[in-house]
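A short report with one table will do.

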Amino acid sequence: MTRVPPLDRLGRPLGVLRLSLTARCNLACPYCLPDGVDPPGLLSSRQRLAVIEAAVALGAGSLRLTGGEPLLHGGLEELIAAAGPLRQRGLREIALTSNGVLLSAERARALRAAGLDRITLSLDGTTGASVGRMAGAGGADPGERARRGEVLLAKVLAAIEHARAAGFDPGRGALKLNAVIQRGANDDQLLPLAALARERGLELRLIEFMDVGNRNGWRPQAVLSAAEMVERIGRRWPLEPLGRGAHGTASRWCYRDGGGAGSGSGHLAVVASVSAPFCGDCNRLRVTADGIAYTCLFAAPGSGLDLRPWLQPEPDPGGLREALAGRWRQRHDRYSEERQERQPQTFHRPAHAEMAYLGG
Ligand code: SF4
């Protein structure tokens, strides 16, 4: 019986469980391109709770609920509430990553009441045209795309205020905004997004365009590096570096002027998987909506551990814990570091499991 939290082959602990609730999404962002359908054999809430319990028993202090789009999952609040008692056993926080389009005031209140601690929303532009483009909305017609984009933009801006009103305080890091920046697609939105986040007191988490999945046409030249993003924003609003926290994915800066009008974070963050990989202390386990455990965002399709033998017909807590511990001990993933070690011209992009399936 595993009593000591397992370390992987690079000495990394299991610290975060990213649990996907669905591979479906209501958007089709070009840097992700979800399947749009769920795999067969989705886990039940009871089976998902068993996975959370096992991960917490192995050292996971943070649970992040993801998708596709997790707000499409009807049992979300029920699962968050059911995971609450695990706070007595080491679970420190429950977080959610959502595109925000479906986040109504009522849903935000219900998530808060269920025990959700943090929400990260996504917005990749500040105009109808840019939001429409980066959400894959409205087909080929630019006019229709911009109109759909305006609607999506309004919904996400409203979702930010619904979350704030429900008690997700940006000043405590309980409400953040993700933005994927792709050179030539939306890098013109960098300063407008920073301005929007400053006005609303939100920590903006900029994400370098990554070679996730197999469909997004990734090229190294389309990556706007963290250094370039910070340099552009810092020319407008001077920044102080704060570094990257242990096991963190983002490096952070604070605005020298405190961050503008909104009484919130005053911080900027960048997830630099391509230009400054952070595999060295990566402590993230991903479990898909159909119960497959993956130990890296860039894992090969089919390389995950199918947990269902320990979840059906009834969850087997001990067997599940041992199976997960065994897989974790075998882990030696460091894809982003390996990508960086290889020269772009010799870099061969291996097949990856799709991001919307893995849960980002
Ligand atoms: S590439 Fe894999 S190992 Fe590296 S930080 Fe990302 S998920 Fe972790």
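## Pocket, ligand shell, domains and core

In this predicted model, the second largest pocket is lined by seven nonpolar, two polar and three charged residues. The space in the second largest pocket comes to about 160 Å³. Its lining includes Cys296, Phe298, Ala299 and Ala300, a further group made up of His332, Asp333, Arg334, Tyr335 and Glu338, and also Pro350, Ala351 and His352.

Around the ligand stand Phe278, Cys279, Cys282, Arg284, Arg286, Cys296, Leu297, Phe298, Arg331, Asp333 and Ser336.

The protein is assigned two domains: domain 1 (11-98 + 281-360) and domain 2 (99-208 + 226-271). Their contact involves 28 residues from domain 1 and 31 residues from domain 2. Between the C-alpha centres of domain 1 and domain 2 the distance is 23 Å.

The largest nonpolar core has 114 residues, and Leu65 and Leu206 are the members that touch the most others. Both domain 1 and domain 2 supply at least three residues to this core. Leaving aside residues up to four places away in sequence, Leu206 touches Ala179, Ile181, Leu190, Met229 and Ile233, together with Leu268, Ala269, Val270 and Val271. In soluble globular proteins, nonpolar side chains tend to be buried together.

Terms used
Residues numbered from 1 in each chain as written. Predicted model: local features only at pLDDT ≥ 70, side-chain atom pairs only at ≥ 80, totals over all residues. Heavy atoms only, no water. Core = buried A, V, L, I, M, F, W, Y, C linked by side-chain atoms within 4.5 Å. Buried < 20%, exposed > 50% of the residue type's maximum accessible area, 1.4 Å probe, protein only. Domains from an automatic or database assignment. Contact = heavy atoms within 4.5 Å. 1 Å grid on protein atoms, 1.4 Å probe; cavity = no way out; pocket = protein on both sides within 12 Å on 5 of 7 lines; lining within 4 Å. Points joined across faces, edges and corners; volume = space filled by probe spheres on them. Nonpolar A, V, L, I, M, F, W, Y, C, P; charged D, E, K, R; others polar. Near = heavy atom within 4 Å.
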